[in-house]
Amino acid sequence: MSLPLFRPGQTVRIAARTPAVHHRVPAYAKGKLGTIERICGVHGDPEKFIGSDGKPAQRLYRVRIPQKTLWPDYSGTAMDHLDIEIFEHWLEAAE
Amino acid sequence: MSEGHDHEHDHSRTFQADHAEPVSEGARVGLALRALLIEAGHYTANEEQEVIAAMQGASPENGARIAARAWVDAAYRQRLLEDGANAIRELGFALDPYEFTVLENTAEVHNVIVCTLCSCYPRALLGMSPAWYKSSNYRARLVREPRRVLAEFGVTLGEDVEVRVHDSTAELRYMVLPERPEGTENWSETELARLITRDSLIGTERRLKV
């Protein structure tokens with residue numbers, strides 16, 4: 001497996017696409033900016049479990065997103081965050 | 001009324017089917033798939049029973065044991081936060097094939113767990129998740145207005161505490177490490193474990209009752 005494309009602390013954007021297959025990115029996180037919280041190893045790609053056993057496997061990250069980014073009218077404080085698991089092929093560098 | 005059956009109770013009120021039959025198309029497909037997998041030798045019915053028995057043996061007490069150890073052993077706490085999967089193996093637990101991630105509550109941060117896409121939960125470790133955890137109400141609202149949802153659970157947080165929601169969308173399973181209550185400095189690990197509730201391990205409870 002190749003080296004991680006992203007490093008902890010890096011700013012990334014989550015892709016805004018909607019493939020027709022089962023995927024593990026909820027609509028509310030699509031297109032949003034966050035930072036890599038940690039790298040979580042390599043796992044089967046949920047979009048490839050029909051036909052190819054989840055291969056090629058994908059690197060998984062936890063991405064930290066400010067609540068105010070997710071919901072502009074968020075009523076809590078500016079320091080509230082949401083952490084979410086996102087596979088590498090859904091991320092692009094945004095720095 | 002048939003012969004020998006002249007008692008008073010009303011069968012329309014007391015009748016219960018003695019065995020739940022699959023009612024949906026999906027349930028029937030599931031049963032057929034299970035039969036095919038066993039027939040094709042992918043696993044045996046005995047292996048399936050062992051997995052079910054192990055899951056039924058799981059309970060929040062396992063999480064309480066892990067958290068109490070972390071409270072009394074700073075080096076263990078460090079290992080647990082850095083590599084949860086290996087740290088729980090030290091205590092005889094495992095959550096394969098999932099990664100196990102422990103999130104530490106502090107005076108400044110409150111962690112709470114949800115799975116918006118379905119209802120992922122470390123079931124093999126903590127047992128069945130509560131019904132509300134699987135509800136669309138909790139799943140939709142916790143990411144959108146966590147402070148309001150937490151307040152409904154009795155957790156009110158000041159503006160000086162960050163709320164950190166964790167959406168369990170893929171391969172990780174989570175547990176919150178609650179804060180150790182004050183006044184428990186001389187307590188044993190076993191006594192401490194008794195304070196730790198299921199909801200405090202999910203993050204819908206914050207101040208443990210002593």
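A residue is buried if 20 or more other C-beta atoms lie within 10 Å of its own, exposed if 12 or fewer, and partly exposed in between, with C-beta atoms placed from the backbone. By that rule Ile66(B) is buried, because 26 other C-beta atoms lie within 10 Å.

This is a predicted model, in which local features need pLDDT of at least 70, side-chain atom pairs count only at pLDDT 80 or more, and totals for chains, interfaces and linings use all residues. Residues are numbered from 1 along each chain as its sequence is written, while chains are lettered from A and ligands numbered from 1 in the order in which they are written.

Ile66(B) sits in helix H4 (residues 60-72) of chain B. Helices (H or I, at least four residues) and strands (E, at least two) are DSSP runs, numbered from the N terminus. Tyr121(B) belongs to the loop between S2 and helix H7 (123-126) of chain B. Tyr121(B) is buried too, because 22 C-beta neighbours lie inside 10 Å.

What do they touch? Two residues are in contact if their C-beta atoms, placed from the backbone, lie within 7 Å. Not counting residues up to four places away in sequence, Ile66(B) touches Leu80(B), Ile88(B) and Leu91(B). With neighbours within four places left aside, Tyr121(B) is in contact with Cys115(B), Ser129(B) and Tyr133(B).

The table gives two C-alpha separations.

| Pair | Apart along the chain | C-alpha separation |
|---|---|---|
| Ile66(B) and Arg77(B) | eleven residues | 9.2 Å |
| Tyr121(B) and Arg173(B) | 52 residues | 6.1 Å |

**A sheet across two chains**

Seven strands form an open sheet, in the order S5(A)-S1(A)-S2(A)-S3(A)-S4(A)-S3(B)-S2(B). The pairing is mixed. Two strands pair if DSSP finds at least two bridges between them. The edge strands are S5 (91-93) of chain A and S2 of chain B, and each pairs on one side only. On average, neighbouring strands of this sheet are turned by 35° against each other, direction ignored. Axes here are lines fitted to C-alpha atoms, for helices over the stretch in contact, and angles run from 0 to 180 degrees between N-to-C directions.

Where do the chains join in this sheet? S4(A) and S3(B) run parallel, joined by four bridges. Leu82(A) stands opposite Val165(B) in S3(B). Val165(B) is also the bridge partner of Val112(B). S2(B) and S3(B) pair in the parallel sense too, over six bridges.

**The contact between chains**

Chain A gives 19 residues to the contact, and chain B gives 19 residues. On the side of chain A that touches chain B, strands S2 (33-43) and S4 of chain A are the elements that give two or more residues. S4(A) gives the most, with six residues. That side of chain A divides into nine nonpolar, six polar and four charged residues. Ala, Val, Leu, Ile, Met, Phe, Trp, Tyr, Cys and Pro count as nonpolar, Asp, Glu, Lys and Arg as charged, and the others, Gly among them, as polar.

**A helix over the strands**

Which residues of helix H9 (residues 136-144) of chain B are buried? They are Tyr138(B), Leu142(B) and Val143(B). Seen down the axis of H9(B), they fall within an arc of 105°, so they line one face of the helix. The arc is that of the directions from the helix axis to the C-beta atoms. On the other side of H9(B), Ser136(B) and Asn137(B) are exposed.

H9(B) lies across S4 of chain A and S2 and S3 of chain B, at about 145° to S2(B). Its buried residues pack against S4 (81-87) of chain A. In chain B, they pack against S2 (109-114), H8 (131-134), H10 (146-152) and S3 (162-167).
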